[in-house]
Amino acid sequence: MHAVEAVAIARRFGTVQALAGVDLVVREGEFFGLLGPNGAGKTTLISILAGLTRADRGTARILGHDVVADYRAARRALGVVPQELVFDPFFTVRETLRIQSGYFGLRHNDAWIDELLHHLDLATKADANMRSLSGGMKRRVLVGQALVHKPPVIVLDEPTAGVDVELRQSLWAFIRKLNGDGHTIILTTHYLEEAEALCGRIAMLKAGRIVALDTTQNLLSRFAGLTVRLSAAQLPDAWRPRLLREEGRVRYLGLADYGELERLLAALREAGIAIDELALAETDLEQVFLRIMAGSETTDEARPVVMVPEA
Amino acid sequence: MRQALAAGWLTLFHKELLRFWKVAFQTIAAPVLTALLYLLIFSHVLESRVAVFGGQVRYTAFLVPGLVMMSVLQNAFANASSSLIQSKITGNLIFVLLPPLSPLDMYAAYVLGAIVRGLTVGVGVLVVTLFVSPAPVSLAHPLWAIAFAVLGSAILGTLGVIAGIWADKFDELAAFQNFLIMPLTFLSGVFYSIHSLPPFWETLSHFNPFFYMIDGFRYGFFGLSDVAPARSLALVGAAAVFLAALALAMLARGYKLRH
């Protein structure tokens, strides 16, 4: 059985096609990354899995339970850390977690709540009102709320936004432990180094479609190559297709190898363009991400760059 | 498993109680004071000028159950509607939408919370107004009074759920309250017997469902009413069923909740 199975999910909001037929399988026990620029459809997809949004077409299942027809079982199997920093100002941290437990039919859940408070470094704040917490603490309470019912599938939608580095590390250690204990983790994040370090497999979304889906390792090796940071007055037109990102005079180009770098330098020399600065970078997920996003921009119909058949 | 399923809505119900209890000064004490002020002012001005039920009941005594029921209705509406709109606007409604709560679970929890708030304020108003009322107030048929108070608060709690779901902003909720709930309440006979109205307005009052709630509730006190209490109960019951079906349909569709 799959932890998550989405088949041909489509959803339109007015004139915006938020999801345009997404097929996705996340296997049990995976640490899975869902990446994409703002507006790519990540949160819409998560919302459909969580029952917060209805799909126009397609079906979604959590551990085999249809999120519409069998929503009780599906929601019981799923824990979601929402992107928005929301809280109920009437309650303390402990009350918030107890109430959330109760919604899932769990009474006398204090042993697990204490463990959550400990792991999320909130033990000293258990009796503090939610209003008095910092943004990072509120974010960790959201994580706690998603985990009160020990869901086998955990979705974290940008969980570390606003959380400082030290706490981010302890949070990831805890999430890793949960993954090690068998929980399936689905993560969306803007910190691509986090996805690279944590996720075994990654799907990249763009304009409501999956444009890449592979293991993190394969994505990195498929896109092995050079990323060149070039600062110069202009770039010869023939090299513009290699452009990943442009920030004024500073341009990032994706090159296949050093031979291509030589040809770039020759082209600059021939065109009489002076180089202010040139630097090379190792391929990391950020560059893979930029290349895939840049590559699929060239066509109206986003095509899967890498598709791996599901086991 | 069945026990666990039941607990979900009970927790939401409990949370709804905690929500108003934690700010009881605002949610209970304030409406009790408002009702008391109404009683002091209206009874002082009108006690000697208005005769109700052919002079069988003194005006101040007549006013007491009217004010009690008005407070029950307004606070039942306020509880469900403000809870939902606050949760929607602050975004914390997601904590209720993510768990395995059915539309009926949500409906039951919000409406029962509204009933408890309405009845709590109603008892508070009753105790305080009885204490200061110069005229004796009887309680001829307490079961009728309880039946109308519970049904009336259920209806207003349901309207609160509907308004809380429908409204996207606080001013939309305020419009619902000021242009629908308030006129229907004030024109329902809280402060007067409809027999004292000109024929046109008396006839029109019969189309106001709030009139039957107040009139039936008042029957519980004096054994006197403008309309037979059984008829009022049937009409109020029918309104409760219709509105409950509407609220449940909205919740089941996820109207303005699940986009």
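Here is a short tour of a predicted two-chain model, stop by stop.

Before you click, note that residues count from 1 along each chain as its sequence is written, while chains are lettered from A and ligands numbered from 1 in the order in which they are written. Because the model is predicted, local features need pLDDT of at least 70 and side-chain atom pairs count only at pLDDT 80 or more, but totals for chains, interfaces and linings use all residues.

**Stop 1: confidence.** The chain B mean is 91, with 98% of its residues at 70 or more. Now pick residues 1–5 of chain B, where pLDDT is below 50. For the complex, the predictor gives an ipTM of 0.89 and a pTM of 0.86.

**Stop 2: where the chains meet.** Select the contact (C-beta atoms, placed from the backbone, within 7 Å): 24 residues come from chain A and 24 residues from chain B. On the chain A side, the elements giving two or more residues are helix H2 (71–76) and helix H3 (93–103) of chain A. Helices here are DSSP runs of H or I, at least four residues, numbered from the N terminus.

Stop 3: Next, click A:Val155. Which residues is A:Val155 in contact with, leaving aside neighbours within four places in sequence? Look for A:Ile46, A:Leu49, A:Leu78, A:Val80, A:Val81 and A:Ile186.

Terms used. Two residues are in contact if their C-beta atoms, placed from the backbone, lie within 7 Å. pLDDT is the predictor's confidence in each residue, from 0 to 100.
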